[in-house]
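Subject: Handing over the model

Hi,

Here is the structure I promised to pass on to you.

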Amino acid sequence: MVSKSVILRDFKKNDAEALSDFFLTLGPRTLFFWNRFGTRFDPAHARKVAHAQAAIPVKQEKGFVACAGNKIVGYCYLRFFPDKPQKRGTASLGMVVSDRHQNRGIGRRMMKIMIDYCRRKKMQKIWLATYTDNERTRPFYESFGFIPEGVFLFDEFFKARPRHVLSMARFLGPSVQKKASRLVRRYLLGAK
Ligand SMILES: CC(C)(COP(=O)(O)OP(=O)(O)OC[C@H]1O[C@@H](n2cnc3c(N)ncnc32)[C@H](O)[C@@H]1OP(=O)(O)O)[C@@H](O)C(=O)NCCC(=O)NCCS
């Protein structure tokens, strides 16, 4: 079911407190899969991260929020590489929806808004990383044209448990996307 009362918009500097409250709603399962800022938030950590995010210049990171009333229920962002001109066309993407609002179409809407933004900015590649054990996200990302471009094996350890990280990419030019799929078959799957 698509949540129409939820509004998507740019993340703004004065959203820091609402973002902090949002971080505190995230449960352990969600933080097991999205842990850019760690697998736990306490109020001090949440505020520190939220204010730091609000202070980041847009040329470095562009955020969006999904809001239900004055509460943030989803947060997503595109990160750029301003210090590396060779990666001017690349953005890396991250997203998380609060536990109570997952599975209602907010993630799909956030993905669309980020891809549209990248198109407008004439980006060439959107890149993301997801744990291989996050089984529901892979088909979700594939439905937006993301293709697997590599796996970082035994990349992170949660206590003794190793986790692998799947790198996925979406190329915004159709001919590059086609070529990339061919290169994946050649370099990763050994096809001639
Ligand atoms: C992944 C996530 C951002 C998707 O947002 P969402 O609003 O729940 O997604 P939607 O309702 O738009 O559904 C999109 C797809 O996400 C998948 N999905 C839904 N809930 C999910 C969950 N809890 N974890 C992983 N994937 C989920 C579904 O397979 C769905 O596909 P479908 O539409 O073909 O059924 C959100 O579920 C979430 O924050 N999950 C936990 C953290 C996470 O995994 N973040 C991504 C790290 S790479």
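Let me start with a helix: the cover over the buried residues of α1 includes α3 (43-55) and β3 (71-79). Cover here is a matter of contact, which holds for two residues whose C-beta atoms, placed from the backbone, lie within 7 Å. Helices (H or I, at least four residues) and strands (E, at least two) are DSSP runs, numbered from the N terminus.

Two notes before you go further. This is a predicted model, in which local features need pLDDT of at least 70 and side-chain atom pairs count only at pLDDT 80 or more, while totals for chains, interfaces and linings use all residues. Residue numbers run from 1 along each chain as its sequence is written.

Back to α1, which spans residues 16-25 and has L19, S20, F22 and F23 buried. Looking down the axis of α1, the buried residues fall within an arc of 160°, so they line one face of the helix. That arc is taken from the directions from the helix axis to the C-beta atoms. As for burial, a residue is buried if 20 or more other C-beta atoms lie within 10 Å of its own, exposed if 12 or fewer, and partly exposed in between, with C-beta atoms placed from the backbone.

Next, the strands. Two strands pair if DSSP finds at least two bridges between them. Here is how the pairings go:

- β1 (residues 7-10) and β2 (residues 61-68) run antiparallel, joined by 4 bridges; the partner of L8 in β2 is A66.
- β2 and β3 are antiparallel too, with 8 bridges, and F64 stands opposite C76 in β3.
- β3 and β4 run antiparallel over 6 bridges, with Y77 opposite G94 in β4.
- β4 and β5 (residues 125-131) pair in the parallel sense through 3 bridges, and A91 faces I126 in β5 as its opposite number.

The β2 and β3 pair forms a hairpin with 2 residues between the strands, and G69 in the turn has a positive phi of about 65°. If you look at the side chains there, remember that in a regular strand they alternate between the two faces of the sheet.

On to the domains. The chain is assigned domain 1 (1-122) and domain 2 (124-192), with bounds that come from an automatic or database domain assignment. Their centres, taken over C-alpha atoms, are separated by 21 Å. Across the interface, 12 residues of domain 1 are in contact with 10 residues of domain 2. On the side of domain 1 that touches domain 2, β4 and α4 each supply at least two residues. By class, that side of domain 1 has 6 nonpolar, 5 polar and 1 charged residues. For the classes, Ala, Val, Leu, Ile, Met, Phe, Trp, Tyr, Cys and Pro count as nonpolar, Asp, Glu, Lys and Arg as charged, and the others, Gly among them, as polar.

Where does the ligand lie relative to domain 1 and domain 2? Both domains give residues to the shell around the ligand, so it lies between them. Of the 18 residues around the ligand, F33, Q102, G107, R108 and R136 come nearest; a residue is near if its C-beta atom, placed from the backbone, lies within 6 Å of the molecule. The elements that give two or more residues to this shell are α2 (28-33), β4 (90-97), α4 (106-120) and α5 (137-142). By class, the shell has 7 nonpolar, 8 polar and 3 charged residues.

Finally, a few residues in loops:

- F146 is in the loop between α5 and β6 (147-158), and is buried, with 25 other C-beta atoms within 10 Å. Leaving aside neighbours within four places in sequence, F146 is in contact with L128, Y141, M168, A169 and R170.
- N103 sits in the loop between β4 and α4 and counts as exposed, with 12 C-beta neighbours inside 10 Å.
- K122, in the loop between α4 and β5, has a positive phi near 60° without being a glycine. K122 is exposed, with 10 other C-beta atoms within 10 Å.
- K159, in the loop between β6 and β7 (161-171), has a positive phi of about 55° although it is not a glycine. K159 is exposed, with 4 C-beta neighbours inside 10 Å.
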